[in-house]
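Dear colleague,

Please find below the structure that I am handing over to you.

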Amino acid sequence: MMTRHLLRTLVLGLTLGTVLLACAQEDDLPIAPERLQEVKAQRSAYLTQKMDLSPEESQRFWPVYNQYDKELETLRRERREGHRALRTDADLTDAEAAGHIDRELASQQKELDLRKRYSGEFIKLIGARKTLELHRAERDFNRELLRRMRERQGDRPGPPPQRR
């Protein structure tokens, strides 16, 4: 039961991460490094509060979480580059399209594998309950971030999304 819930939480987190990537890609808006650091700091504060980590747990948890976040960002960057390459090639053959699909699925699998591996490490460091709370808190934070992005997009006129 717990594993099923954890897996569902992981899949939701993966999906949300994909949505955030898609939003960032569709807009082609570079995120200023200062803004990215600000969001990460807000996320760290939010997660710390929600997980109710003791000072000892924080000392063990954050270096591992930061490494996880770094590896996750690397995978996402690679995925974005793949999406950009796809955008610029409108006349794909079926074989090329199939290749892009395979690469996308492989990328998603890598991300899921990373999340599984680090979930195991987090459980060892802070326990299963706090790891589950971490996933919930990440999901809640990402929802709030997405909501704010949508609000900002609604305030700003822009071109309609490109369709093929």
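**Findings**

Helix α4 is followed by Gly127, a residue with a positive phi near 90°. Helices here are DSSP runs of H or I with at least four residues, strands are runs of E with at least two, and both are numbered from the N terminus.

The model is a predicted one: local features need pLDDT of at least 70, side-chain atom pairs count only at pLDDT 80 or more, and totals for chains, interfaces and linings use all residues. Residues are numbered from 1 along each chain as its sequence is written, and side-chain values use heavy atoms, with hydrogens and water left out.

**Overall architecture**

The protein has 5 helices and 0 strands, which gives the pattern α-α-α-α-α along the sequence. Of its 164 residues, 32% are buried; buried means under 20% relative accessible area, exposed means over 50%, and partly exposed lies in between (1.4 Å probe, protein chains only). The protein exposes about 11000 Å², of which carbon and sulfur atoms supply 55%; accessible areas come from the Shrake-Rupley method with a 1.4 Å probe, and for residues only the protein chains shown count as cover. Among the contacts with a separation of 6 or more, 84% are between residues 24 or more positions apart, a contact being heavy atoms within 4.5 Å.

**Helix geometry**

Two helices were checked against their expected span, which is 1.5 Å times one less than the number of residues. The 33 residues of α3 should span 48 Å, and the end C-alpha atoms of α3 are 46 Å apart, which agrees.

**Nonpolar core and aromatic cluster**

The largest nonpolar core has 17 residues, and those with the most contacts inside it are Phe61, Tyr65, Tyr68, Phe122 and Leu134. Such a core is a set of buried Ala, Val, Leu, Ile, Met, Phe, Trp, Tyr and Cys residues joined through side-chain atoms within 4.5 Å. Two or more residues each come from α2 (33-51), α3 (55-87), α4 (94-126) and α5 (128-155), with α3 giving the largest share, 7 residues. In soluble globular proteins, nonpolar side chains tend to be buried together.

The structure holds 10 aromatic pairs. Rings of Phe, Tyr and Trp (its six-membered ring) pair if their centres lie within 6.5 Å; planes under 30 degrees apart count as stacked, over 60 as edge-to-face and the rest as tilted. Phe61 and Trp62 form an edge-to-face pair, 4.8 Å centre to centre with 75° between the planes, and both residues are buried. The rings of Tyr68 and Phe122 have centres 5.5 Å apart and planes at 90°, so this pair is edge-to-face. That pair links distant parts of the chain, with Tyr68 in helix α3 and Phe122 in helix α4, 54 residues apart. Tyr68 is buried at 2% relative accessible area, and Phe122 is buried at 1%. Beyond residues up to four places away in sequence, Tyr68 touches Leu114, Arg115, Tyr118, Phe122 and Glu138. Ring pairs join Phe61, Trp62, Tyr65, Tyr68, Tyr118 and Phe122 into a cluster.

**Individual residues**

Most residues other than glycine have a negative phi. Asp52, although not a glycine, has a positive phi of about 50°. Asp52 sits in the loop between α2 and α3 and is exposed, with a relative accessible area of 59%.

Thr48 belongs to helix α2 and is partly exposed, at 30% relative accessible area. Leaving aside neighbours within four places in sequence, Thr48 is in contact with Leu53 and Trp62. The C-alpha atoms of Thr48 and Ala137 are separated by 9.3 Å, although these residues are 89 residues apart along the chain.

Gly120, in helix α4, is partly exposed at 29% relative accessibility. Gly120 and Thr131 are 11 residues apart in sequence and 8.9 Å apart from C-alpha to C-alpha.

Yours sincerely
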